[in-house]
Amino acid sequence: MTRPIELWYWPTPNGWKVSIALEEMGLPYEVKPVNIGRGEQFEPAFQAISPNGRMPAIIDPDGPDGQPLSIFESGAILQYLGLKSGQFYPQDVRARTEVDQWLFWQVGGLGPMAGQTHHFRQYAPAMIKDQRQIAYGVRRYTDETHRLYGVLDRRLADRAFVAGDYSIADMAIWPWILPTHQGQDLAEFPNLAAWMDRVGQRPAVKAGRAVGDELRSNLGAAGKDAEEARKLLFGQRARRG
């Protein structure tokens, strides 16, 4: 009997990418919550498998050689799961290259830029009294996220999914399209809007997106707990020893 994959997880877009993939691939898994608002990402047990101190990470107890294998970084996790399951990650080199390009577009572009948009639009206003200090950041990252929405909308003008067939690239990108939080209007991007609905209607996407919903909290809220969480998340510097 296959032992479940350990999913070290918190319900954020990067976490959803992996929970969606596990649901789509039908791989057994168990969730190991990593409460990033309480600093659990800094605990030795987690840093042993995620040296960057970011979730998600996985431990596959049945790795390629029959021994446990731990993986951090969501893009690497998706590639591994695609290879392990033989699903949503083509064997053909040309087709796989298409998937890889859009996977890395999300990892290197959409994720970081949309993440900064979240920071300046949702969290920074609760941390900085003079809103003029964050106005440039709001505009800069909101505009860049708008540009990236446009890239995706053009890509989807003549295809149902970003890299041909439905793939780990779609699973990576879909959780990061959060127009309400990112100051965007999907009415400007009809192809993207249709794709969002198409992917979002998949039962496994619904199930993966719902994992850990009860754990979420509003980091932009007032109050001591939210303030302490923001300090943990946004005041990090290098740790030694």
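**View 1. The order of elements along the chain.** From the N terminus on, the elements run β-α-β-α-β-β-α-α-α-α-α-α-α-α. That makes 10 helices and 4 strands, where helices (H or I, at least four residues) and strands (E, at least two) are DSSP runs numbered from the N terminus. This is a predicted model, in which local features need pLDDT of at least 70 and side-chain atom pairs count only at pLDDT 80 or more, while totals for chains, interfaces and linings use all residues. Residues are numbered from 1 along each chain as its sequence is written, and side-chain values use heavy atoms, with hydrogens and water left out. Of the 241 residues of the chain, 47% count as buried; buried means under 20% relative accessible area, exposed over 50%, and partly exposed in between, with a 1.4 Å probe and protein chains only. Among the contacts in the chain with a separation of 6 or more, 67% are between residues 24 or more positions apart, a contact being heavy atoms within 4.5 Å.

**View 2. A sheet with four strands.** Welcome to the sheet: 4 strands form an open one, in the order β2-β1-β3-β4, with mixed pairing. Two strands pair if DSSP finds at least two bridges between them. Strands of a sheet pair through backbone hydrogen bonds, either parallel or antiparallel. The edge strands here are β2 (29-33) and β4, each pairing on one side only. On average, neighbouring strands of this sheet are turned by 20 degrees against each other, direction ignored. For angles like this one, axes are lines fitted to C-alpha atoms, for helices over the stretch in contact, and angles run from 0 to 180 degrees between N-to-C directions.

View 3. Start at β1 and β2, which pair in the parallel sense over 5 bridges. On that side, W8 has K32 in β2 as its bridge partner. Strand β1 (residues 5-9) also joins β3, this time antiparallel and through 3 bridges, and here W8 stands opposite A57. Next, β3 and strand β4 (residues 69-72) pair in the antiparallel sense over 4 bridges; S70 in β4 is the bridge partner of I59.

**View 4. Strand β3, seen for its two faces.** Is strand β3 (residues 57-60) covered on one side or on both faces? Both faces are covered: A57 and I59 on one side, and I58 and D60 on the other, are all buried. Helix α3 lies across β1, β3 and β4, running at about 135 degrees to β4.

**View 5. Helices α1 and α3 side by side.** Helix α1 (residues 13-25) and helix α3 (residues 74-85) pack at an angle of about 5 degrees, with their axes 10 Å apart. The two are therefore roughly parallel to each other; angles under 35 degrees count as roughly parallel, over 145 as roughly antiparallel, 65 to 115 as roughly perpendicular and the rest as oblique. From α1, the residues N14, K17, V18, A21, L22 and M25 meet S74, I77, L78, L81, G82 and S85 in α3. The residues of this contact divide into 7 nonpolar, 4 polar and 1 charged. In that sorting, Ala, Val, Leu, Ile, Met, Phe, Trp, Tyr, Cys and Pro are nonpolar, Asp, Glu, Lys and Arg are charged, and the others, Gly among them, are polar.

**View 6. Helices α5 and α8 crossing.** Helix α5 (residues 135-155) and helix α8 (residues 190-200) have axes that come within 7 Å and cross at roughly 75 degrees. The helices α5 and α8 are therefore roughly perpendicular to each other. Where they meet, Y149, L152 and D153 in α5 touch P190, N191, L192 and W195 in α8. This contact brings together 5 nonpolar residues, 1 polar and 1 charged.

**View 7. Aromatic rings.** The structure holds 6 aromatic pairs: rings of Phe, Tyr and Trp (its six-membered ring) pair if their centres lie within 6.5 Å, and planes under 30 degrees apart count as stacked, over 60 as edge-to-face and the rest as tilted. The rings of F120 and Y141 have centres 5.7 Å apart and planes at 15 degrees, so the pair is stacked. This pair links distant parts of the chain, with F120 in helix α4 (residues 93-127) and Y141 in helix α5, 21 residues apart. F120 is buried, at a relative accessible area of 19%. Elsewhere, F88, F161 and Y166 form one aromatic cluster.

**View 8. A163 in its loop.** A163 is found in the loop between α5 and α6 (168-173). With 12% relative accessibility, A163 counts as buried. Which residues does A163 touch, not counting residues up to four places away in sequence? They are E98, V99 and R155. A163 and A95 are 68 residues apart in sequence and 7.6 Å apart in space, C-alpha to C-alpha.
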